[in-house]
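Reader: I have a model open and want to learn how to read it. Where do we begin?

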Amino acid sequence: MTMHGLFISFEGIDGAGKSTHIAGLANAFRAEGRAVTLTREPGGTPLAEKLRAMVLGDPMDPLTEALLIFAARRDHLVNVIAPALLRGDVVLCDRFTDASFAYQGAGRGFDLNVLSTLEQWVQSDEGLLGDPAGNKPMRPEVETVIEPHLTVWFDLPPEEAALRLADARVPDKFEAQPVEFFRRVAQGYADRQQGHPERFARIAASQTRENVWQAVRQVIVEKGWLEGPACHE
Ligand SMILES: Nc1ncnc2c1ncn2[C@@H]1O[C@H](COP(=O)(O)OP(=O)(O)OP(=O)(O)O)[C@@H](O)[C@H]1O
Ligand SMILES: Cc1cn([C@H]2C[C@H](O)[C@@H](COP(=O)(O)O)O2)c(=O)[nH]c1=O
């Protein structure tokens, strides 16, 4: 059994404008008859949402934070992402592992090699490829690491993101970080793009909402994954 769905993640510093467009993209795919699984990280399952509340709310050391985030990711992959990809859904995920490299790695200065090891372990398809009845796992010839087919990166200067978020909501643990933290996170995303140029699409997120939407949609159309006319809602 192969995972014939489409896995798209959305990344960027807090306030870059991802959420504004993910729902629009879900509508565009549904309008063309695709089943869509809309989800987010950390989170996406009852267990992972509990871990999210801890990670976003409680002080903890960087290793604990990284382990909780990757534990949430494993639960999310097992229970939501892999089943959706096996069904053939389009999975639209608000953040995935690039956020761990950007926030924990570049932002916090946590060891990138440890993050890479966690990535290999947690995103291994071992135990994820069940038969349709969900019984015995069917092992492929070669174990693979599940990652998005496309990562849409909303690139916005941290100062602009801070202005957008000012007074918008009570900041969580990450949103309360100083602008220097987000400069490092933004550089972390740029480094990830350099390491995975074929997977990343950079969107200049300083543009108007409509222009950002057109840029996001164009990336998907150019991949051949969407056809219809532009329609945001
Ligand atoms: N192109 C834009 N120009 C100006 N403001 C924008 C633009 N896009 C989004 N915003 C506003 O910026 C704020 C943050 O947007 P949004 O919540 O979509 O960002 P996000 O990347 O999902 O943030 P987070 O990751 O922190 O949830 C919102 O108030 C939104 O209305
Ligand atoms: C996946 C992931 C997320 N984070 C951080 C980034 C954000 O500040 C929050 C999630 O909040 P959002 O409003 O849903 O964007 O979590 C992280 O530090 N590491 C990660 O792997």
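Author: We go through backbone, helix packing, salt bridges and surface in turn. Keep in mind that this is a predicted model.

Reader: Start with the backbone. Which two residues does a cis peptide bond join?

Author: Look at omega for the bond. Here the cis bond joins E41 and P42, with omega about -10°. P42 sits in the loop between β2 (36–40) and α2 (46–57).

Reader: And phi? Which residue other than glycine has a positive value?

Author: Go to R95. Its phi is near 80°, and R95 is not a glycine. R95 belongs to the loop between β3 (90–94) and α4 (97–107).

Reader: Is R95 buried or exposed?

Author: Read the relative accessibility against a cut-off. Under 20% is buried, and over 50% is exposed. R95 has 11%, so R95 counts as buried.

Reader: Give me another case. How does S100 read on that scale?

Author: S100 lies in helix α4. Its relative accessibility is 2%, so S100 is buried.

Reader: Now distances. How far apart are S100 and G33 in sequence and in space?

Author: Keep the two separations apart when you read them. S100 and G33 are 67 residues apart along the sequence. Their C-alpha atoms are 33 Å apart in space.

Reader: What is the C-alpha separation of T45 and N79?

Author: That one is 7.3 Å, for residues 34 apart along the chain. T45 is in the loop between β2 and α2. With 5% relative accessibility, T45 counts as buried.

Reader: On to helix packing. At what angle do α2 and α3 pack?

Author: Take the angle, the axis separation and the handedness. The angle between α2 and α3 is about 160°, and their axes are 8 Å apart. Angles over 145 degrees count as roughly antiparallel. So α2 and α3 are roughly antiparallel to each other. Their crossing is left-handed.

Reader: And how do α1 and α8 pack?

Author: Helix α1 covers residues 18–31, and helix α8 covers residues 209–222. They pack at about 45°, with axes 11 Å apart. That angle makes α1 oblique to α8.

Reader: Is that crossing left-handed or right-handed?

Author: Right-handed: that is how α1 passes α8.

Reader: Salt bridges next. How many are there?

Author: The cut-off is 4 Å, from a side-chain nitrogen of Lys or Arg to a carboxyl oxygen of Asp or Glu. By this rule there are 15 salt bridges.

Reader: Show me one. What N to O distance do E119 and R192 have?

Author: It is 3.4 Å, and the two side chains form a salt bridge. E119 lies in helix α5 (residues 112–122) and R192 in helix α7 (residues 179–195), so the pair ties together parts 73 residues apart in sequence. Both E119 and R192 are buried.

Reader: Where are the partners R199 and E147?

Author: Check the bridge, then place each end. R199 and E147 meet at 3.9 Å, N to O. R199 is in the loop between α7 and β5 (200–204). E147 is in the loop between α5 and β4 (150–155).

Reader: What about R202 and D155?

Author: Their closest N and O atoms are 2.7 Å apart, in a salt bridge. R202 is in strand β5 and D155 in strand β4, so the bridge ties together parts 47 residues apart in sequence. R202 is partly exposed, at 45% relative accessibility.

Reader: Which residues do salt bridges that share partners join into one network?

Author: Follow the shared partners from bridge to bridge. The network joins D98, E119, E147, R192 and R199.

Reader: Last, the surface. Which residues make the nonpolar patch?

Author: L63, L67 and V114 make it, over about 220 Å². Take L67 as the example. L67 lies in helix α3 (residues 62–87). Its relative accessibility is 44%, so L67 counts as partly exposed.

Note on methods
Residues are numbered from 1 along each chain as its sequence is written. Chains are lettered from A and ligands numbered from 1 in the order in which they are written. This is a predicted model: local features need pLDDT of at least 70, side-chain atom pairs count only at pLDDT 80 or more; totals for chains, interfaces and linings use all residues. Side-chain values use heavy atoms; hydrogens and water are left out. Helices (H or I, at least four residues) and strands (E, at least two) are DSSP runs, numbered from the N terminus. Buried means under 20% relative accessible area, exposed over 50%, partly exposed in between (1.4 Å probe, protein chains only). Patches are made of residues with over 30% relative accessible area and no salt bridge: like charges are joined within 9 Å, nonpolar side chains (Val, Leu, Ile, Met, Phe, Trp, Tyr) within 5 Å. Accessible areas come from the Shrake-Rupley method with a 1.4 Å probe; for residues, only the protein chains shown count as cover. Axes are lines fitted to C-alpha atoms, for helices over the stretch in contact, and angles run from 0 to 180 degrees between N-to-C directions. Angles under 35 degrees count as roughly parallel, over 145 as roughly antiparallel, 65 to 115 as roughly perpendicular and the rest as oblique. A crossing is left-handed if the near helix is turned anticlockwise from the far one by less than a right angle, and right-handed if clockwise.
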